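The structure comes first, then the interface.

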Amino acid sequence: MIEIEAGGVASTVQDDGRTGHYHIGVPPSGAMDSYAHALANHLVGNEESAATIEMTYQGITATFTEDAVIAVTGANMSPTIEGEPIGTWESVAVEAGDELDMGFATSGARAYLAVAGGLDVPEVMDSRSTYTLVGIGGHEGRGLEAGDELPVGATPTERPAVGATVPDEYVPEYADEETVRVVLGMNDHRLTAESRAELCSAEWTVTPEADRVGYRLDGPDVEFEERDQPFGAGTDPSNVVDLGYPVGSIQVPQKPIVLMQDAVTGGGYATVGTVISADRERLAQRQTHDSVYFEEVDVDTALDARETRAERLDAARAAVE
Amino acid sequence: MASERITPVDLPDPRYEYGGDDHVFVDLAEEMSFTANFKAMAITQRVAERDIDGVVENCPGNASYMLRIDPDVVHPDDVIAELKDIEASIDVAEYAWESRVIDVPVLFEDPWTHETLMDFRDRHQDPDATDLEYSAELNGYDDVESFIDAFVGAPHMVTMVGFVPGLPWCFQMVPRERQLEVPKYVEPRTATPSRAVGFGGAFSVVYPVAGAGGYQLYGRTPVEVLDVDQELPAFEDSMVLPNPGDIINYRRIDRDEYDAIRDEVEAGTYEYDMADVTFSPEEFFEAPNEYNAQLLEAVA
């Protein structure tokens, strides 16, 4: 059991998400940075699908009621056990009664805490991921608060030795990752030529309205070509007949919003492109006021990037010792 | 009215678009029509039947559809090729699907949505009218009563579900000339009561949960479209009630009936008035009024 003493800013239980329900409005949820989530699990011997705690901007304070093996990855939140700093991207043994205390993120936005055995909260639609908007999954469908008690599953029999680490070359430098690649498309033809070009050249900054649903960015105004609006679309040039929104898609009410793991699944704003699957986790580590640049790529480049990212994760796992 | 029919519209060639490396988005038309929606329904149903490797989400939209794919299993171009093959092979007129007619009682001009809409007059096109007064005038109705009569006068088909879990976009099952159309709020509201019944563009919606929203607010239903705890009998199989292709019959009720139904819903005992039907686009197009009446007998 893990007893939460302080929940941090926005900490939720997440796994690799739920599928098969997007058509009735249920987004995947799941870890925003699945690379950090997967390696946290690997360090403690869990399957990649095991549930971890995702912490945003500020970590939790929590006490372990039993001996456990843990790993903290993702954003650096300076974790300590009983006041002593512990390594991140590292398998760490804790004893019953030990207190884990985490601070504010100094680099990146989201950290992951994996515990050998995984967090054994009930599954909802085959996933332990928290989706707070309607209050399902995770711990009572909400962010963690003081007093919450999280059960831990059975410890895996095979796992890396305590002290095993992810080598530095596989640890992302979040501060440097300001460019995310996008495949333009869907309704990008409705943008003015200037706005379409500017989308992939302007400096965007992450606004405080950036969460698991979407990242609202600030930057130059984005303009659509004026037209006679089609029947059913609504009156604003940015409106379309309500349609499905891909996870990672960029919509532009005026400024861009990139939809993330708790995406609204559809609506009436024109979508103009999609952040590629390999780069959504990089965007998820951008902090408020950080810069973001969009780089246009074609779909085959996006597929190559996905493969490269998978190979890097495999190599990181293989290098853990 | 008896001679009314719905003329299928000519759709442009579909636009096959990538949503990054892991989604395919297909635009069937820029404007809303039953022709476009039924095509989206027919294609996504055929996608489900073919059980295409690597397709992980299959989402019909109002006049479009979207698939999420696993690019580790299948290349988006191979999915698009299969979708083009399906598109060439279907004839919507020959299609039919299993649907449900669902009775959705509505208290129009209820106190809760009224309070909300009055709170946000500064974000509305017409700060001096209610949303119903504004919509009635814009659509050429003499008064709110006759506008509500039109709204409940024919059923609405669920042409898409989403935004949040369980929110149905519904398109009224009448010829284009009689379809209602209203803009969304100039600036979205930051609050909407749960179970609010609204209208925006050409779509009626039921808000499953309280939250932001931009649709004109007309009333509130005592029944749920989302039950995350699945306590009500109608939610035994899914926490979401409406599915694409379902038919919603909005029925005007008074405050007493609202309260009585709400008590049953809160007690977890409410039995939805709904029935399985087979929906035929062709029969609907030929004689919508007669066909609607026949469909509604199932919940009469």
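About 1100 Å² is buried between domain 1 of chain B and domain 2 of chain B, and carbon and sulfur atoms give 73% of that area. Buried area is the accessible area (1.4 Å probe) that two parts lose on being put together, summed over both. In domain 1 of chain B, Phe34(B), Phe38(B) and Asn62(B) lose the most area to domain 2 of chain B, together 50% of what that side buries.

This is a predicted model: local features need pLDDT of at least 70, side-chain atom pairs count only at pLDDT 80 or more, and totals for chains, interfaces and linings use all residues. Residues are numbered from 1 along each chain as its sequence is written, chains are lettered from A and ligands numbered from 1 in the order written, and side-chain values use heavy atoms, without hydrogens and water.

**Domains**
- Chain B is assigned domain 1 (15–92) and domain 2 (98–299); the bounds come from an automatic or database domain assignment.
- Contact (heavy atoms within 4.5 Å) takes 12 residues from domain 1 of chain B and 17 residues from domain 2 of chain B.
- The C-alpha centres of the two domains of chain B lie 27 Å apart.

**Charged link**
- The count between the two domains of chain B is one salt bridge, meaning a side-chain nitrogen of Lys or Arg within 4 Å of a carboxyl oxygen of Asp or Glu.
- Arg176(B) and Glu31(B) meet through their side chains in a salt bridge (3.7 Å, N to O).

**Domain 1 side**
- Helix α1 (residues 34–50) of chain B gives the largest share of the side of domain 1 that touches domain 2, five residues; helices are DSSP runs (H or I, at least four residues), numbered from the N terminus.

Note on methods. Helices (H or I, at least four residues) and strands (E, at least two) are DSSP runs, numbered from the N terminus.
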